[in-house]
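Please look over the structure shown below, and then follow the questions on how its elements are labelled and how the values compare with the definitions.

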Amino acid sequence: MIHTLTTNPAIDMNVTTNEGALVPDAVNRVGAADYSPNGKGLNVSFTLEHYGSPSCILGFFAGFTGDYIVEGARKVCPVEPVYVEGTTRITVLVRAGEVEYTMPGAGAPVPPEKQDEMLELVRALPDLTCLVVSGSLSPLMDGGFYDRLLDVLDERGAEFVLDVSSAHLKNLVGRGPLLIKPNDDELRDIFGLDVTDDASAVAALDEVVAAGAKNVLLTMGGKGAYFTDGEGVWRCGAARIEPFQTACAGDGTLGAFLSVWYDDRSNVEGALVRAMATGANVALCPGLGDFARVDELASQVSVERIR
């Protein structure tokens with residue numbers, strides 16, 4: 001079974017201003033707020049569940065907000081929480097006219113003994129085949145946690161997928177992840193690689209594979225995506241939408257991709273179409289939405305093998 005690990009989950013609060021723009025030094029009235037259990041790994045699990053692929057959520061949770069996330073997530077799929085002191089963060093997402101503001105909190109600190117508790121939990125999971133590690137690290141955590149986690153996964157013989165923005169990702173690819181999913185900003189900031197056209201995309205993906213990643217899914221928002229399995233390279237166009245928000249879109253993209261590709265590595269095209277349509281569907285509504293327009297959006301997605 002695929003498990004997901006979110007080291008710094010959150011409640012997402014999506015609001016839209018009534019006036020259409022934020023006014024400084026004034027009361028800005030908002031419409032109804034939408035609250036959802038969130039975190040990159042949670043969203044991957046929710047997406048997998050929607051497409052009939054079972055998964056289990058792992059994460060660090062704290063206080064009443066942590067309880068809210070765990071209770072909400074358990075309505076969708078199993079959760080194995082590690083509880084810490086403090087309060088799990090709330091991320092405020094404000095849509096004001098054509099502008100989106102994202103304001104994440106720092107999160108609850110995760111001390112070393114709780115990090116060790118998570119490692120022991122992973123070590124004891126009875127049905128672990130792959131762990132998707134997503135998102136930012138909580139306060140008191142550093143890249144060394146990833147190293148220890150991958151040691152445990154090596155012991156278990158489990159595969160792992162990385163969707164992390166830590167600069168330590170450049171070192172982690174040497175551990176042979178099954179898949180990494182950087183976006184174009186992370187590819188530039190972490191690996192020093194810019195993608196401006198097909199040729200630069202192929203060169204960048206080849207460099208990341210040479211560093212140790214077995215497969216790479218590079219997402220570029222409205223510009224589409226690229227995928228390589230170390231031999232072939234595919235370019236995928238994006239659906240034509242006016243996004244309401246961008247939070248969670250990459251998580252939906254990754255979960256949808258895995259829901260096809262993890263069990264059928266030959267079906268790259270089908271995985272990319274579902275991934276890009278799902279990411280676009282997420283971008284049209286707060287949170288993951290209801291997946292209502294995925295089929296319609298899939299008809300707009302084109303995939304071409306360019307090597």
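Strand β1 runs parallel to strand β4 (residues 55–62), and 5 bridges join them. This is a predicted model, in which local features need pLDDT of at least 70 and side-chain atom pairs count only at pLDDT 80 or more, while totals for chains, interfaces and linings use all residues. Residues are numbered from 1 along each chain as its sequence is written, and side-chain values use heavy atoms, with hydrogens and water left out.

Q: What makes β1 and strand β8 a pair?
A: Two strands pair if DSSP finds at least two bridges between them; β1 and β8 (residues 130–134) have 5 bridges in the parallel sense, so they meet the definition. In β8, C130 is the bridge partner of I2, whereas in β4 the residue opposite H3 is C56.

Q: Why is strand β1 called mostly covered?
A: Buried means under 20% relative accessible area, exposed over 50% and partly exposed in between, with a 1.4 Å probe and protein chains only; in β1 (residues 2–6), 5 of its 5 residues are buried. Both faces are covered, with I2, T4 and T6 on one side and H3 and L5 on the other.

Q: How do you know on which side of α6 the buried residues lie?
A: The buried residues of α6 (residues 184–191) are E186, L187, I190 and F191. They cover an arc of only 105° around the axis, which puts them on the same side of α6, where the arc is that of the directions from the helix axis to the C-beta atoms.

Key: Helix = DSSP H or I, 4+ residues; strand = E, 2+ residues; numbered from the N terminus.
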